[in-house]
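Please keep the picture beside the text while reading.

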Amino acid sequence: MYAMVAPPDNAPPDNDVLWARSLHYSHGGSPRTKSGAGSPALVEVSVGVRQGEILALTGPRGAGKTTLLRCLSGQLRPQQGEVWFNSVPVHTMGALIRERLRRDRFGWIGHEPQLLPELKVWENAALPLLLAGASHRSARKAACEWLDRLDIAGFARKRPGALTRAECQRVALARALVNEPAVIFADEPAAPLHRTERDLLLRTLTTAARSHDITVLLATHDEATAAVADRRVALLDGRLAGAAAAAAPVTDTTEDQAACSLSA
C-alpha cells in the first residue's frame, strides 16, 4: 500500500496516472533551494501522463530528459515541486517506500542493459519478481514468456556475456515488462541499436503497453523513436520547450537594425 496520506484539494486529475508540478532539480545543488549551488537540470517543469498513454520526452542531449524520468520514477527527490502516482504523493515518500514502489509498480529500461553477469538470462529478466518474493518457478515462467516474445527464449540459460549488445537490451526490456508494471520509464532504450533491432524493441514495448494498459514515458532525441508515442513533450535546457524560449534573452532589434543601417 502506498496511500500514506489522503490527497489534498490540489491533487492531480483522476485520469493522470503520473503527474508532476513545478519540478526543480540541480545536480550538486541544495535540496532546500530551487536552483541550488549546482548545475540546473530541471526548472519549473510540469507534466501529466494518462493511464495507458505513451508519452515521448524529446529534446537534445542535456535537455533534462533523464533527470525528469528519475524524478518521476522516485529515483531522485526533486528539490522543489511535486510528483504524484495514482493521486499518491511520491515526493513525500521515504527512500524505502519509493524503492518498493519502483520494484512493484514501475519498470525501467535505459540505453545500457545493466544486466548482472553472474545471473542467467532468465534470472536477469525475472529479477523484479524474485526480489518481490515470487517463487522461482512462477518467476521463470513469466520471464521466459517475455523472452519468447522478444525472440531470445533460446538464450534463457546462458549468461549475458554470451549475448550481443542488442540481445542484452532485449533482456533488459523483458525485465522491465515481467511484472506488468503500471508505468515503464524508457531512457533512450533504442539509442545503441541498429534500425532492425530498434524497430523490434519499440514494437514489443508499444504492443505490450497497448495490450496491458501500461503507461510509457519514453525519453529520446531520435525522431523515429518518438514517432511511436501518442504525444510529445519537448525539453530544452531543463525547461519545457515553450518556457525555455520565453526565458531566452531578447535581442534589442532596434539597436541591431540601426547597426545594420550604419554598416550599409
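A residue is called buried when its relative accessible area is under 20%, exposed when that area is over 50%, and partly exposed in between, with a 1.4 Å probe and protein chains only. The model is predicted, so local features need pLDDT of at least 70 and side-chain atom pairs count only at pLDDT 80 or more, while totals for chains, interfaces and linings use all residues. Residues are numbered from 1 along each chain as its sequence is written, and side-chain values use heavy atoms, with hydrogens and water left out.

His24 is buried, because its relative accessible area is 8%. Helices (H or I, at least four residues) and strands (E, at least two) are DSSP runs numbered from the N terminus, and His24 belongs to strand 1, residues 16-27. The side chain of His24 makes a polar contact of 2.8 Å with that of Glu44; such a contact is a pair of N or O atoms within 3.5 Å, where within protein one must be able to donate a hydrogen and the other to accept it, and residues adjacent in sequence count only if both atoms are side-chain atoms.

| Residue | Relative accessible area |
|---|---|
| Ala63 | 1% |
| Cys71 | 2% |
| Cys168 | 10% |

The structure holds zero disulfides, a disulfide being a pair of cysteine sulfur atoms within 2.5 Å.

The sheet comes next. Two strands pair if DSSP finds at least two bridges between them. Six strands make an open sheet of mixed pairing, in the order 6-7-8-3-9-10, and its edge strands, strand 6 and strand 10 (239-240), each pair on one side only. Strand 8 (residues 215-220) is largely enclosed by the rest of the structure, because six of its six residues are buried. Thr215, Leu217 and Ala219 point one way from this strand, whereas Val216, Leu218 and Thr220 point the other way. Strand 8 runs parallel to strand 7 (residues 183-187), to which five bridges join it, and Ile184 has Val216 as its bridge partner. Strand 3 also pairs with strand 8 in the parallel sense, over five bridges, with Thr58 opposite Thr220. Strand 9 (residues 231-236) and strand 10, by contrast, run antiparallel and are joined by two bridges, and there Leu236 stands opposite Arg239.

Ala63 lies in the loop between strand 3 (54-58) and helix 1. Its C-alpha atom is 4.7 Å from that of Leu236, although the two residues are 173 residues apart along the chain. Helix 1 (residues 65-72) is mostly covered, with six of its eight residues buried, among them Leu68, Leu69 and Cys71. Just after this helix, Gly74 takes a positive phi of about 85 degrees.

What lines the largest pocket? A pocket is an open set of points on a 1 Å grid over the protein atoms alone, with protein on both sides within 12 Å along at least five of seven lines, and lining residues have an atom within 4 Å of a point. The lining holds 18 residues, of which Arg102, Arg103, Trp108, Pro128 and Arg175 lie nearest the centre of the pocket. Helix 2 (95-105), strand 6 (106-109), helix 3 (121-131) and helix 5 (165-177) each give two or more residues to this lining, and the largest share, four residues, comes from helix 3.

Terms used: On a 1 Å grid over the protein atoms alone, a cavity is a set of points where a 1.4 Å probe fits but cannot get out, and a pocket is an open set with protein on both sides within 12 Å along at least five of seven lines; lining residues have an atom within 4 Å of a point.
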